[in-house]
Amino acid sequence: MAEEKKGRAVATQTAARIPKFVRGNLSATLKAKEEGKKVAKAYIADGQDEIMRAMDIVPAWGESFSGVCAAKRDAEKYLQKAESDNFSRSLCTYATCHIGFEMIREEQGGAMPEGAPWGGMGRPDMILGNGQLLCDPRFKWPQALQHYLRDVPVFITNMYYPPWDPNTDHHEQEKFYVKYCMEELRETVKFCEKITGKKMDWDRLAAVVELSDKTWDLFIDTYDLRKAMPTPMDTGDAMNTMVPLTFNLGTQEAYDFYVELNKELKQKIADGVGVANPEKYRLIWAAGLPSWFALNDFQYFNGKGAVFPVEVTYRGCERIERLDLPKTNDPLEHIAWRWVRYWTHWYDAARKRPGSIPKVERIIEYIEDYKCDGAVFHSAFSCRSWHAGIIHQADVLRKIYKDIPILIMEGDIVDISSYNEADTHNRIDAFVETLEAYKSKRKN
Amino acid sequence: MAFVLGIDLGSGYSKAVVCEGGMVKSHAVMPSGGNYKDTARAVSERALQKMNLSQSDIRYTVATGYGAGMVDFADETVTDISCNGAGIQHIFPAVRTLIDIGSQFSRVIRVNDEGKVTSFIMNEKCAGGSGKFLQIIARILNIGLEEISALSLTATKPIEFTTGCAVFAESEAVSRISEGALPADILAGIHNAMASKIVTLVTRIGLEERCAITGGGAKDMGLVRTIGAELSTDVLVADEPQITAALGAAIIAAERISR
């Protein structure tokens, strides 16, 4: 029996619209099946969003679905199903939750598993895998899925970017990586054309890309409003408000969402309304996916006067101007440059500070810009590709920047069996006491 | 001078300390059992009785530990991490790194010259580095916890355990006993396994001299020596290491009434 937690309060009214947004994305996959549109099992933040949108392919986001299952505390049956076919619990639980769901559906001859959260997700007509350099499950997840969805074609690409090397000038390498990414994107288009039987409308793709760029800029402008003291929105809400950028990039509704959020945050600032009253400590969510079943922990922080005006997680964009992208009329080339520069534009700053690395340089920039007193990292055991470097980042931050209170939380993204609320709150309490000790020392 | 009370309700043992003017006047330790509420009353009464006091003589009470929220007569609750910091500063002001080995958790705490916590880290959800490991092994060796320390110091050939997991180590220990291994060597092997986990935590947070060990685990000199050897440092241990957090709670209580 699923354990439904009581609703989580959100600081902004705009964030309260997100469940409807997510539900809309899920139901779009079901509606697409009725309308004869193609559904693609797709992966977030990999440069393929705009291609799908321009070709009327409806994305079915496995990560989103697993996150919803976790938030509703209803993932266990899918995790157990995957485990029954020897998928280890130590694998990515986004993947195993989704695979378990698809396994049950296939066993039922395509019928939606009973009680699937928010009506479930449509069966894909294709799977677009993408390793995104860092995430190995994105290679194996599509292949594992095809083991059960035998008739569904899989296409796996990878959007590489120059790996960080303090002794190498990445500027010399970028063109090569952009060329590689463009080839990957071109092949993705060809694959999609083959499955849909339609040709890409390149003008439409260019318009979608232009809208994405506008959304990136607006997203950053809106999130920068959170620099205000007290901050009008914290990471607890941002784990919701990332949805349009992450899952609906290249759509008007995503852009419109941030227009509304921008307006609301400006009003809150004008009214002096903050997340915590009083706001005692400002924190950065420095790395890690959240425990989707325990988003209430952000409110636990807020209750102690601690707010998160900024987070690295799901801030998957940057102001376009800052990326200094070369001019091109080829939308795929633009996507490729935007992708590569999104990762490399912290490299120069990192090279200037001995011992630094780009990920830490980014954290330092946010700490300075958002005036943060401490940093919180979340290490999710099943997401090793991203979370393996978290302790290193925390160590480097302390070493090269300054002595700053750091909390490393441990848990998972989907698997609730790793979570202990009392222990987590005890750690948060102790961290808040540490923040206070630092504050008192600074005053003296 | 006013009396203050610190209570630490741990998952294994509960501790109470009565202080007056910054001096420990009495203390008590007892198993926590399953009813934290009753245990809190019982352990504090035991400490108070030694001074012929009652709860009404206490100006301020701070509760800490796993069951702190169950102490209905406390004026305030403070985390055991902060209380350990305050407690160790009172006992050994030079300590900057504190290893606390409790029944359920082991943690490494960095403190500044005021006893304020600057950083901390806890063992993951695993009994391998906590006092629970010792309790499991004591049970299968059929010895009391208080016997572990002296017995382990007589070890000549510590058993090398192939696992750091308390559950698997239990069955491995049973196998070794049936093979004729000596209890002292098994205990020394367990100490090595525990020390390895604890030292990993210290490495993650960084060791700053001086270093002390507190909690029930600090009463086990075999474990203390093993950790000290692994860290290549002399670790400090208080006369009553188990009451450090309760003492810290009492120190914080005294700070509150002096404001």
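Helices (H or I, at least four residues) and strands (E, at least two) are taken as DSSP runs and are numbered from the N terminus.

## Basis of the model

This is a predicted model, in which local features need pLDDT of at least 70 and side-chain atom pairs count only at pLDDT 80 or more, while totals for chains, interfaces and linings use all residues. Residues are numbered from 1 along each chain as its sequence is written, and chains are lettered from A and ligands numbered from 1 in the order in which they are written.

## Cis peptide bonds

Most residues other than glycine have a negative phi, and most peptide bonds are trans. In chain A, the bond from A:Met229 to A:Pro230 is instead cis, with omega near -5°, and A:Pro230 lies in the loop that runs between helix H8 (202–224) and helix H9 (235–241).

In chain B, a cis peptide bond with omega near -5° joins B:Glu209 to B:Arg210; here B:Arg210 belongs to the loop between helix H6 (183–205) and strand S9 (211–214).

## Positive phi values

A:Asp56, a residue other than glycine, has a positive phi near 60°, and its place is in the loop between helix H2 (49–54) and strand S2 (58–61) of chain A. With 14 other C-beta atoms within 10 Å, A:Asp56 is partly exposed, a class that falls between buried (20 or more other C-beta atoms within 10 Å of the residue's own) and exposed (12 or fewer), with C-beta atoms placed from the backbone.

B:Asn142 likewise has a positive phi, near 60°, and sits in the loop between helix H3 (131–141) and helix H4 (145–152) of chain B. B:Asn142 is exposed, because 9 other C-beta atoms lie within 10 Å.
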